[in-house]
Amino acid sequence: MGPSGSGKSTMLHCAAGLERVTSGEVRIAGQDITRASDTELTRLRRTDVGFVFQSFNLIESLSAEQNVAMPLRLAGRRPGRRQVREVLASVGLADRARHRPRELSGGQQQRVAIARAMVTRPSVLFADEPTGALDSRSARSVLGMLRSMVDASGQTIVMVTHDPAVAASADRVLFLHDGRLVDRLDRPTIRQVAERLARWEE
Amino acid sequence: MLGMSLRTFRDRWPVFAGAVVTVCLGVALVQSSLLNLVSAATARIPPGLPAAEALALRSGYEAGISLLGISLGLSTFVAIFIVGTTFAFTVAQRRRDLALLRLTGASRGQVRRLLVGEALLLGTVGCLLGILLGLPTMRVQAGMLVHFGFVPTGFGPQWRSWIIAVSAGTGIGIAVLGVLVASRRASRVRPLEALRESDRIARVMTASRWILGMLFLAGGIAMVILIAALGGEAALALSVFVSMMLVVAFTALAPLVVRLASWPLGILARGPLGGLAHANLRHGVRRSASTAAPVMLLVAFVAGTAGTLDTLGKATRQEVTRTLRADLIVTTDRPVRGQLAAVDGVATVSEEVPVTFEVGSDDGEGHLEYGVVDGLAVDPVAYASTHDVGPGNLTALRGDSVAVSPSYAPELRLRVGDPLPVRLDGRTRDLRIAVLLPDTLAGPYFLLPPDLMPDSGPRRYAVRLFEGVDVSSVAARLARVGEVVTVDEWIDRNADDQQHTNLDVMTVLLGMAMLYAVIAMVNAVVIAASDRRREYATARVTGLTRGQVVASALGEASAVVATGLLLGGLAAAGTVLGIAVAVEKMVGIAVVSPQWSLLAALTAGAFVVVGVTNVLTTLATTRTPAIRLIGTWE
């Protein structure tokens, strides 16, 4: 977490292999991807990492179900309808499978995006301000869902946010300032996060 | 991936409908030209026809065939150009979609397969429609050819079943090729671009655009130089290639020029609207270049061809004025040489009888191939005193001989003394080349000796009077024998005829292809507007009224049209310049015929077509209340 312009998103993009780093090295699930080729990165996106962004980035022409199935189909697998429905049900959208993104609310679209990211059972889920575009109720339900994925199935999630309330739901919070890691907190409260943030803003 | 193709197809239909239309029209046009060409080439001369009539019929078909050949080449080029640019444009329009796919794990190969799958689908649909549309198109084209007299009456194009394979092959082939080129670049789209729309404007001028543009520009310039060096009939055919090469070069380099053209707009356009139009023009260079392409095509070919034909016409007229040394021209349907010569005041009478015969040339395999040509049978002495025939001594034109201008076929390098195989009055024989005539645009290319002059039939006489004789009184006396005109009137009349023929040639050659280009113009505007819903919505929530959005879009479109006009004008100028240099080299007459009124008409037409389409599509794109589009991200 950190103030805007602190390099949160850039850091996330580098960690996820979307951006190349000029120095240092990047490892995901024990795999060095610093100089990975495009083919390797594509394979990585299919198996080891999932993405969720502030904008939902769903493919408009496809239904919720088809959007979720897309990563598996791109990987050459034929996902069964049940498998896809299960993932959608796990984000509470079992009854919205045939809707197009345009027909869903913001919170529902974001949950479809999470389902799409989770369908490949990635080692890491990268989330960039996943609740940034949502009202507080939807935000809370999305956040609760992410938390339960960690607690129930041990899913690793790397999330970027500038909202102390969101950050406080994490096990560990790292603070960025002007592109550098400057601080960390384990299992913090909202107040602790807000205070730390305020200190670095001064 | 085909399922995916089908679904995107359903969703982005304006873009794909545009692509299907271009394939359909392209296939129809090429198929129609090809069927007409094949039908003309295989047209049977009915047996038992008198030799002279059969020859006239063959001559008519041969003229039609060469026109149809150019027409086919032009149609094919225009179809490849328009389908290729349209498909490349549709791919570029979907950059964000493709980046999104990459983000969810699509490999480069998968993106390419998706695009090629789409092209196959669109190509197939377009081809099926095109093959059907090709039937009425063929009849219309044949009707035009007969109507303007480029093929003999009674010409009817025939359907051939193999054309289905050709049309399907070309249509689908062009669509897939167009996409293959574009997909190479599209598949390299980085997943991150789905998140950052700004990356999209980066580097429109790619290395391949530079290379392609420079290569074709160099090719075009080399062709102009080649035309100037070659001269002759070959040069005239080459000029079409100059237009083609320059069109391709300017299309590749268009993004550069759009940026240049946005300059005056930035200075001219005042206020926030002008500023927005200017910014959008520079932002959407790729889009602007794609809309400018068909405008450029239209102007390059119409102005280029009109300029070429008119330059040739003017040069021909000047050449005749310079070489003809007679006072009156008499035309009759029978020989009247003696009667004319007996009239008071007449100094010289040159009898000139048109003869249609065939000239054989080696087909490369040791066989002679005969082509129909027109010549004049003349009396050498009288002809030489009424026409400038250059340094050659025409008195050698006796017996089985012929005088030839090298302009007929510069590549044969004909020399005095060479035999020229001909078929005359149904008899095959060799004529000895007695004299080489100077290069000529106006013709005749062949002069035959009096021994080969037909004893009856229509002919004309160039009459020279004694110095100081009253021309009109002699003309009145000659009028009892045949139709008399002064040389000036005769030249005027020929020039008028030529102009009519030129207009007919333009209509037959370019009519359909240019209609196609106009539809492509509309198409490009519609496709370009298809991904601007959000952009317009953003502009509206920023505080612009719907009318202001339309006005700003119109301003942007006008600048794009201006770019197309400018580039097309340049390509046309290059072509006409090439011809002018060739003509100067051939007959020493320097004329250039810039088509100002035609250019003005094209300018007005392009502005109206693009302007109206643009206003309509912008209105349609802004119909949904802005806030509904801004609210959801997708």
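Residues are numbered from 1 along each chain as its sequence is written, while chains are lettered from A and ligands numbered from 1 in the order in which they are written. Because this is a predicted model, local features need pLDDT of at least 70 and side-chain atom pairs count only at pLDDT 80 or more, whereas totals for chains, interfaces and linings use all residues.

**View 1. Chain B and its domains.** Chain B is divided into domain 1 (1–197), domain 2 (215–323 + 503–634) and domain 3 (337–481), with bounds that come from an automatic or database domain assignment. The centres of domain 2 of chain B and domain 3 of chain B, taken over C-alpha atoms, are separated by 46 Å. Taken along the principal axes, the box filled by the C-alpha atoms of chain B is roughly 100 × 55 × 40 Å. Chain B contains 18 helices and nine strands; helices (H or I, at least four residues) and strands (E, at least two) are DSSP runs, numbered from the N terminus.

**View 2. Confidence along chain B.** The pLDDT, which is the predictor's confidence in each residue from 0 to 100, has a mean of 83 in chain B, and 92% of the residues of chain B reach 70 or more. Over residues 198–202 of chain B the pLDDT is below 50, and this stretch has five contacts in the model beyond near neighbours in sequence; two residues are in contact if their C-beta atoms, placed from the backbone, lie within 7 Å. For the model, the scores are ipTM 0.71 and pTM 0.78.

**View 3. Helix 6 of chain A.** At 1.5 Å a residue, the 18 residues of helix 6 (residues 136–153) of chain A should span 26 Å, which agrees with the 25 Å between its end C-alpha atoms; the expected span is 1.5 Å times one less than the number of residues. The buried residues of helix 6 of chain A are Ala139(A), Val142(A), Leu143(A) and Leu146(A), where buried means that 20 or more other C-beta atoms lie within 10 Å of the residue's own, exposed means 12 or fewer, and partly exposed lies in between, with C-beta atoms placed from the backbone. The face turned away from the buried side carries exposed residues, among them Arg137(A), Ser148(A) and Asp151(A).

**View 4. Strand 4 of chain B and its partners.** Strand 4 of chain B pairs with strand 6 (residues 427–436) of chain B in the parallel sense over four bridges, and two strands pair if DSSP finds at least two bridges between them. Strand 4 of chain B is also joined by two bridges to strand 7 (residues 446–448) of chain B, and these run antiparallel, with Ala403(B) opposite Leu447(B).

**View 5. The surroundings of Leu448(B).** Leu448(B), in strand 7 of chain B, counts as buried because it has 24 C-beta neighbours inside 10 Å. Leaving aside neighbours within four places in sequence, the contacts of Leu448(B) include Val355(B), Gly375(B) and Val402(B).
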